[in-house]
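Here is a short report on selected local features. Please keep the structure open while reading.

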Amino acid sequence: MLILVMGATVALQKAFVPKFGLDLAGGTTVTLSPVLANGKAPSQESLDRAVTIIRQRVNGTGISDAQVAKANDNIVIQIPGAGRDEALRLVSTTAELRMRQVLAVAAATNQPAEVPTAAPTPSSSAAATPAATASESTPARQSAAPSGNASPAGRALSKALTAPSPDPSTSTRATTHRRAGAGAARAKASPSPSAAASPSPTAAPDDAGDPLAGQDTSGIDPALLDEFRKIDCTAKNRGQGALDDPNKQIVACSDDGTARYILDKAAVQGTEISGAQAGTDPTTGEWIVQVDFKSRGATLFADITRRITSLPAPRNQLANVLDGVVIVAPTIEEAIPGGSARISGSFTQKTATELADQLKYGALPLKFQQSSVVSVSSTLGQDQLRGGLIAGALGLIVVVFYLLLYYRGLGLIGMASLAVATVFTYLTVDVLSHNAGFRLSLPHIIGLVVSIGITADSFIVYFERIRDEIKEGRRTLRSAVEVAWRRARRTILVADAVMFIAAVVLYFLAVGDVAGFAFAMGLTTLIDIVVVFLFTKPLMSLVARLRFFSKGHKLSGLDAERMGRTSPAEQTLQEA
Amino acid sequence: MPGVISRLYRGDINIDFVGKRKVWYGLSVFLLAVSILGLVLNGLNLGVEFRGGSVFDFTRTPGSSIEQVRETVADAGVHQVIVQQAGPNWRVTTESLQGEEVTKVQQTVAKKYGITEDEVSSQVIGATWGGEVSQKAWIGLAVFMIAIMLYLSVAFEWRMALAAIVALVHDLVITAGVYAWSGFEVTPATMLGFLTILGYSLYDAVVVFDMIKEVTGKLGTSAKMTYTQAANNALSHTLIRSLNTSLVAILPVAAILFIGTTLLGAGTLKDLSLALFVGMVVGTYSSLCVATPILVTLKEREPKWQALAQRVHAKEAAAAKAARTAKEPVSAGSQNVTAQATDKRKKR
């Protein structure tokens, strides 16, 4: 039944071959281990955050089917196709948050069509963000919950940036009527591309060739101006993972690809942030993000906010750069001395929480080292796959041959059980690989081959029991089969339990390949129990009715000579 | 010899495993001593995963020699180049390299041997990786031991659990000893093999113990057999089963080992199956000759079984006396063996 159901699943999904891991299909597997100064284990949240960041970077490069996953305290990245140097470099750089003053800002590209006009409609700003547009059905939805979409960089700021947003003057007004208690001052997340880019259309509405037109370029490294003119922020990789030098000015994109910035040297490092929480403003009820600084950070933050707050837009914005992209660039409305800042904007609970996480964990200097980088060429992968399959086939043949030689007719039952177990295992692996993201790797194959033995063990225990029963004088095979089953069942369960405990312990405590091997072992132990209980035993009961077996035919494996009924040694045992 | 084989085939064999326990203990102590000596003197040949380093694999083109490959790789500015032949491939081990250096080696090799860069497999391992792997392995080992002790104590009894664990440690040390003396490379895959031995080593012991439990459970006050004799019978009785289950477990592993060494050379297949193979052979021996004798040694200290043993021995002595007076030889066959064995025990 089960086999039929699984067979049907396989047939329906047209998925006859399981998906292979990279060691078989070819590809690069990178294992990153976090390095913490005090040797402590990193928090799971910060690891999750790191996984998200790395996944975004990898997706950003356009590599399809890459997997980024947590494995204990490590992060394992699997990139199909051998030798992806770029991806390697990307995944191994450390994500650090830095706060930089915005020196200039423009829309994502130089194409006139994509330059937002002074009065942007949601659709025109969406045009500048192909990645975001892809999953958004209507402009209305975009402004309602833009970061709920699946765009690779659909994070907090897309809200603030894409919403038909207030121009700087609105936000200034906002400051006046939203004044909170002492200590916590606030910054307003208002840098929509429309507002920021407005100087450009004013200067030359039809000539968007120079995004810097009309902007104050004083104090900016001339090389950066060129770079700024050339950079295309609608590209898939917007510079995620770029190693930005905190002591230099940089050019960066916003994380949703709607805007590009020239940014000053880092004013505050993310390490100076002590925490960030999302919450609602008690008076207005709108979502905000509260950021707290450590003492040195508080001083630095007070300095920079005091310095830039009186500057004209966009130089009064302080960009938060994480992992090479600007995640938020709020306009600083006033000097913030208390070591505690508030970012408001049109956040939802989700976007606010995301931004808070980014600030908080971007602040955590979770450094990684490449513990192992293994890239397997597709030819080597094929060799290994072939080797594993040949070994499996050879193992099966040898075991079957031995079973037939030793158990004769019974061997056929054993053979049938092995065949059922093999089909069952194959289907399980196949279904798992297509429905649960399972990837068959070399350790899995070895685990499966090795467990041919476990499956065979079970019915050998049973067969020997049957023979014992007959030797002990049970005349009919049918009763022997039943009595032997009751005794063998216990042995099989106890022995399989031992294997299963081994598999579970290995699976949960092991690193890398070991887990795959243990998984295969545990899986086949379970399959073994199912097969022995639901196939071998019923088949044996059926077969016991056949004359061939019950009369002890020479080839049945149950003949009188095989049983050695007259053996004196056996008599001794029976007396016991 | 054919007699032995056909008796094996019929499952009709009676070897006094328990009676010869001093022999087995002696052998095991000797093997353990040799293994520990090997571990101390030679140590284990740790693979690149533990030392840190880089490995490159690529297809062996006709006419390339080890020296040539070494020169080629060294030309890419890399040190500590070791070239090995692995099946149809070259396997080059070097110091631990950075991303660009890896690419450079791949390019150099690809250019020289007319293959594409993607066909050169690479592996770069940080020096701490192996430490993490082995640390986890130790934790895994400890947790497994505790879990299995508990499980066997519940399913059987603590003496059986203890005997099984002692046999297990015995297997692991001797397998490690084989690695130390032979100089086989220890990789994470090898450790995987070591850990898997755990399951298999116990599997056999569990099958035997299950039988012993059943047989000795029937031993009541009827003073026909001592615990030792019953256990020995159970062991002989399950001998075929143990040998068969071990054999069918070892055969697939042997297949992997065969394919791993002939077709692929060094790699996961070989490392894992070699450890498994050695461990399983040792494990089969220990489940027969170490686990059960230890169990019996432990059990015979129990008052219940001591009392039984005294009664049985008294009976046997009386029977022997009667036999001597009647001057009749003991009946032939394997009962003879049992009787002799009993005599030996009495002499001790």
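Asp171(B) is in contact (heavy atoms within 4.5 Å) with Ile197(B), Ser201(B), Val282(B), Gly283(B) and Ser286(B), leaving aside its neighbours within four places in sequence. Asp171(B) lies in helix H7 of chain B, residues 158-182. Its relative accessible area is 0%, so Asp171(B) is buried. Buried means under 20% relative accessible area, exposed over 50%, and partly exposed in between, with a 1.4 Å probe and protein chains only.

This is a predicted model: local features need pLDDT of at least 70 and side-chain atom pairs pLDDT 80 or more, while totals for chains, interfaces and linings use all residues. Residues are numbered from 1 along each chain as its sequence is written, chains are lettered from A and ligands numbered from 1 in the order in which they are written, and side-chain values use heavy atoms, without hydrogens and water.

Helices (H or I, at least four residues) and strands (E, at least two) are DSSP runs, numbered from the N terminus. Two strands pair if DSSP finds at least two bridges between them.

| Strand of chain A | Partner | Sense | Bridges | One bridge pair |
|---|---|---|---|---|
| E4 (residues 97-107) | E7 (residues 259-269) | antiparallel | eight | Arg98(A) with Gln269(A) |
| E6 (residues 250-254) | E7(A) | antiparallel | four | Cys253(A) with Arg260(A) |

E6(A) and E7(A) form a hairpin with four residues between them. In the turn, Gly257(A) has a positive phi of about 75°.

Tyr507(A) is found in helix H19 of chain A. It counts as partly exposed because its relative accessibility is 37%.
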